[in-house]
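Welcome! Take a look at it below, and then we will go through it topic by topic.

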Amino acid sequence: MKPLAELTWPQVARAVAEGVTTVILPLGATEQHGPHLPLGTDTVRARALAEGLAERLPVLVAPALPIGCSDEHGGFAGLLSLEAETLAAVIADCARRMADWGATRLVVLSAHGGNGRALALAEARLRRELPELALWIPDAATVCGDAVRAVAAADGIAVEAVGLHAGEGETSELLHLCPEQVRMQEAVPGYTGDMEEGLSRLVQAGTRALNADGVVGDPRSADAGRGQRYLSAQVARYESALAERLAAEATTSGSVPA
Ligand SMILES: [Zn+2]
């Protein structure tokens, strides 16, 4: 299925009538990704994951929201960020309109970790205000974490290099998706200590306190082919989890698992 924004309204109406009633809303961000990756990195990744899923499952893909909750990247030029309440309200507003034209399930696919509080607020609000809309807000680390680590391990890439932000992982993905936007000559190693500790310091004090370049990981060994495998591994994980939900919906009348 083509992205929602490239379809006409009769095409969407027909798809809904034929049972395509799941919509994916990809969430990106506009925030620093080190000296070598573009600010829109998470938006590019969110769109790619959602469109990858749409190639395999009967789903509609809404335009990726290009601004998320990114204040942990304060102090770097180019930042755009929403308050968690604002992003939650945007998600809820979009969900309500989707439900009006026949969507029965919303998948909020966030490619940016900082959106967590907004997602929790949106979830609470939608379950209260729109209980008939089945909602799935997957946690990327839970659904995809070990699949991504397996790809890295197969190539001998350490988790400290893959990193959490603008490291080998995201850089490889961008080398696959939009190599013309990656400045490998500017790629420098960032924080490469324990990633759990790095994450808690990042959340508490911001990325700038962790690394002056804004990099958590080491992007220098990034590779486009591995980036493609990272993305495929994530799409496969999301696909099997979502396919289970769609199958349950097809066989169950009445109560639908969220
Ligand atoms: Zn990112």
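This is a predicted model: local features need pLDDT of at least 70, side-chain atom pairs count only at pLDDT 80 or more; totals for chains, interfaces and linings use all residues.

**A first look**

The count of aromatic pairs comes to 1 here.

**Rings**
- Tryptophan 136 belongs to strand 4 (residues 134-136) and tyrosine 238 to helix 10 (residues 224-251), so the pair ties together parts that are 102 residues apart in sequence.
- Tryptophan 136 and tyrosine 238 are both buried.
- Elsewhere, phenylalanine 76 has arginine 208 over its face, at 4.6 Å from the ring centre.

**Strands**
- Strand 3 (residues 105-110) is mostly covered, with 6 of its 6 residues buried.
- On one side of strand 3 sit Arg105, Val107 and Leu109, on the other Leu106, Val108 and Ser110, and all are buried.
- Strand 1 (residues 22-27) runs parallel to strand 3, joined by 6 bridges; leucine 25 has valine 108 as its bridge partner in strand 3.
- Strand 3 and strand 4 also run parallel, with 3 bridges between them, and arginine 105 stands opposite alanine 134 in strand 4.
- From strand 3 the chain passes through helix 4 (residues 116-129) to strand 4, in a right-handed β-α-β crossover.

**Zinc site**
- His33 (NE2), Asp42 (OD) and Glu170 (OE) coordinate the zinc ion at 1.9 to 2.1 Å.
- Aspartate 42 in helix 2 (residues 41-54) and glutamate 170 in helix 7 (residues 168-177) are 128 residues apart, linking distant parts of the chain.
- Aspartate 42 and glutamate 170 are buried.

Note on methods. Residues are numbered from 1 along each chain as its sequence is written. Side-chain values use heavy atoms; hydrogens and water are left out. Donors are N, O and S atoms within 2.8 Å of the metal (3.2 Å for Na, K and Ca); water is not among the atoms, so sites may look incomplete. Helices (H or I, at least four residues) and strands (E, at least two) are DSSP runs, numbered from the N terminus. Buried means under 20% relative accessible area, exposed over 50%, partly exposed in between (1.4 Å probe, protein chains only). Rings of Phe, Tyr and Trp (its six-membered ring) pair if their centres lie within 6.5 Å; planes under 30 degrees apart count as stacked, over 60 as edge-to-face and the rest as tilted. A charge sits over a ring if NZ of Lys or CZ of Arg is within 6 Å of the ring centre and within 35 degrees of the ring normal. Two strands pair if DSSP finds at least two bridges between them. A crossover is right-handed if, with the strands pointing away from the viewer, the path from the first strand over the helix to the second runs clockwise.
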